[in-house]
Amino acid sequence: MPSILRPAAPRRVRLRAWALVAWMACLGGNAESSPASGPANVLQGFDHLAWPIERGAPGDIWDIAQAADGALWLATGSGLYRFDGRRFERQIAPEGQSFTSRNMTTLEITPDGAFWIGTYNAGVMRLADGRIQAFGEAQGIPSGLIPRITADADGRVWVAVDGGLRWFDGTRFQPPPASMHYPGDNAHWLLRDSRGTLWVSTGTTIVHLPAYGTRFEPTGQAVTAFATLAERADGEIWLADRMHGISPLADAHGVIDHATRDVRRLPGLKASRLRASSDGSLWASRSGGGGVLRVHAAPGSDTPRVERFDVSQGLTSTYAAPVLEDREGNLWVGTNQGLDRLRSDLIRALPMIGTPVMARHTLFQAVDGDVYAYGEDNRPWRLDRTLLAGIEAGRSRAEPPRGDVVWSTVEGKVQWQRDGEVHETPLPDVPERTYVHAMAFAGSASAWMCLGRRYTLHHDGSGWREDPRLPALGCSVLSLHDDVLALGYPDGDLRIVRSDGVRHYTAADGLRVGPLTGLLLHAGRWLVAGENGLAMLGDDGRFHAVSSALEGMLEGINGLAVDGDAHLWLFGNRGLVRVAFDDVRRSIDTGDALSGARVFDAVDGLPGLALQASTAPTLALGGDGVLWMSTNHGLAWLDTHALRRNPVAPSVTIGGVAHGQLQQPLRDGLVLPEGTTQLQIDYAATSLSRPDRVNYRTRLVGVDTDWHDAGDLTRASYANLGPGRYRFEVQASNEDGLWSVHPAAREFRIAPTFVQTAAFKVLCAVLAVIVLAFAVRLRSRQVAARVRTRLEERHEERERIARELHDTLLQGTQGLILRLHAASQRLPQDDPLRAELGRAMDLAEQAVAEGRERVQGLRQTALGTRELGAALLLVRDEIHGAAPAIALVLEGEPRTLMPCAAEELYLIGREALLNAIRHARAEAIEIEVGYGRHALRLRVRDDGIGLPGGDIARPGHFGISGMRERAERLGADFRLWSRPSAGTEVQVDVTADRAYLHVRRGWLRRATRTTDTP
């Protein structure tokens, strides 16, 4: 720490400077100080973890605070640090800003999440919302050390500074007004208690401001400089004075009188900091070095017990400063060399009872439920809460049996005791030297024992005998439940003996857990433990293995018990395991791994592992709820009635996302580069008790439909991701299986490549439609080309027929007529034959005329070069007599038609006109020809009588059928509408490529043009 002495300083300033040096020395800054004499008791029953500077911890830790997310924040001589149970992270100033000083002496986190930081000699800083506000002399903070910041019941922030007490008015800091009667011009400590009272150590006295009060009230307690205060769980306020020790100051009823204070004062405990834990203990940092002290009263005792914890026990430095109990019940101690954690052991080792050479190591549970232990002297001692209370009070005297029958065996001797009377039962005379491998007893009349490799003996009150129902094979474990005996064997087999016989279970019955080491009957189900696992007998009469996600958790179990809350306790190679019995049954029913299992190990205080060379189970649950364990380091116990569970679920923080060669913080709304298919997301949970036992489950909404168990992995990897929006969620559970209620979540988006965009998909769809249209058009053109080809072939054939008819039949007939005419001329005028020949020639000429009409029809001479509508108007001239009015309507610009199409359309129109004139008795007929860009439309409508009954295909009438057939040959759409007395309408639609000789094609039509298109 930098020196605070300044040359040529006034006397008042020099005195203040020396006071600051003294305060720093109290906190561990004075390396010359020698530890004050303290108590000889060493702290027991706590697990200790240390993070020295070499493990990344900062030095000179002056204050510790816990944030809402559970993380610890450390105010140190080198800046502000965050600790999540695993890593220390130095807080950097927001971009473009800086801390006025990194020599930080105190820290207060207010409910609104703001960080109020006091410095050594540079005022106060407020860090909130990514912004730093600095408050110095210009803002009302005197120059000097700031030991404490706190907020009162009104939410006002108060600052204790060696130069005065100040409170924040929202803009600057103000001294208390004279009306508040604050004494002096210094403030060395602040405490807001559970009742909202603000306590202030002024350097000479203690004053307090009641909740919502308007003036400070005196306590009459004189103090020296830098005295500190703390509140216990019962509401008592304690004072730590570095000159006069620690003493109570006030309770829930007010300030304690001087006489009571003096009686309860501990003058030998010189402390610079004081903190109360939830169990009522006081923790103190010793002035001038000496580590930390724990002051607590044993049950039933009014005399406080003081325990010491210093560098000899592993503390990072003898100079300790802040002490904090977090929300999980851990005690944190900051020193000038690092950070330490003290955690109350759930499992306690039992101090040695009796003589050292007669250490207790074997457990025995009597029929009435009492638990005993005995050692090599075969002398049993009762294990219960009375024994534990005596040990806590400094007495280690154990009590003998109290009427129960207790069996024991050591070095080949078997004996049982009752009311202090010992009865020795000699073993039978066997031919080989044997060792006892397992034993089970029930009262004084029944005992079972396995010796050597082939002996299973039963004592029925008169002596030892072999049971003829059992094979000559030594067992490895025995269990006796009323009249049911279970024997486990090294080969993995199990035999259950009842009065009605013996049931033998083998691997064929699903029992595959290796050599058997433990047996338990509960709720009608047998649990069998072996070197390789655990199995339960199911309702189907077969054994089913119990699986666990934690490797080795169920191996080598030789102690089993069930407590009153239906929790199964297992003691084996991995320590002590607790799991709900229902979860075990669920595991064998579903095949899923055990959920909610809790493992207790050395961090929880377990000394060693389960004793392997034990003739009795290594686990026994007494009727008083104390669970006893036989370990390879002695006996240990756990109070199942006072089992502390971690009530705080881990708070999860999502860190960075790695994709490709890049890594960046994963924030809501992050857009990852296009083409990202693989990524890894880091996350971590804040757990200060057992960060190594935190389990995670993750889910990527958009990929996962359910949660994925990640175990203790802190990175999630995903592959084959496509573009789109995703939401990553993660939850964590603590060592007791408590899951965080609300998952930590981040939403992000992967940008699409061009081929993954909606525009590209629309383009592909458009191209697909175009290709489809192209294919359809191409096919249509091909079909149209074939139709045109066929029509042209027909036309050519008709032309050929017309030529043939004209050149042969008609010419020949005409020649015949001429010859007949010449012959008739040679006949007399009155010759009847001449008249007959004349009539024959008239008929022949009429036939020739009709033939010429048919030839003309074949050659389409009726249409010629005329427009279709105009050609149809000429049909009226073919009618002899009066004809109805015929109107022509043309739409569009007339275009040249293909010969085949012109012929078919003309004949269809002609037939429609003739039908209207000859049969419909129409008075008006309208011909409509529409030359459209994409199609030609011919429509003939009249106002005649219509078709009877709408019949358009009457028997014996082929005009309409002919029109329809012509339209089909042309590939046109033919429609006919007719109602009686409402006229008739005929409509023919022909596509442009089948109607027009020259088609105006777009690029698509041009692209699909075929070589046979005219």
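Is Cys900 buried or exposed, and what is its relative accessible area? In this predicted model, Cys900 is buried, with a relative accessible area of 5%.

**View 1. Cys900 and Cys764, two cysteines with their computed accessibility.** Cys900 has a relative accessible area of 5% and counts as buried because that value is under 20%. Cys764 has a relative accessible area of 33%. This value falls between 20% and 50%, so Cys764 is classed as partly exposed.

**View 2. The disulfide of Cys450 and Cys475.** The sulfur atoms of Cys450 and Cys475 lie 1.8 Å apart, and the count of disulfides in the model comes to one. The pair links distant parts of the chain, 25 residues apart. Cys450 belongs to strand 37 (residues 446-451), while Cys475 sits in the loop between strand 39 (464-466) and strand 40 (477-481). The torsion about the S-S bond of Cys450 and Cys475 is about 105°, so the disulfide is right-handed. Both cysteines, Cys450 and Cys475, are buried.

**View 3. A nonpolar surface patch that includes Val755.** The patch covers about 600 Å². Its residues are Phe754, Val755, Val762, Leu763, Val766, Leu767 and Ile770.

**View 4. Val755 in its loop.** Val755 is found in the loop between strand 63 (744-750) and helix 5 (758-825). Its relative accessible area is 49%, so Val755 is partly exposed. That value is over 30%, the accessibility cut-off for residues that make up patches, and Val755 is one of the residues of the nonpolar patch.

Technical notes:
Residues numbered from 1 in each chain as written. Predicted model: local features only at pLDDT ≥ 70, side-chain atom pairs only at ≥ 80, totals over all residues. Heavy atoms only, no water. Patch = residues over 30% accessible without salt bridge, like charges linked within 9 Å, V, L, I, M, F, W, Y side chains within 5 Å. Areas by Shrake-Rupley, 256 points an atom, 1.4 Å probe, with all protein chains shown as cover. Salt bridge = Lys/Arg side-chain N within 4 Å of Asp/Glu carboxyl O. Helix = DSSP H or I, 4+ residues; strand = E, 2+ residues; numbered from the N terminus. Buried < 20%, exposed > 50% of the residue type's maximum accessible area, 1.4 Å probe, protein only. Disulfide = S-S within 2.5 Å.
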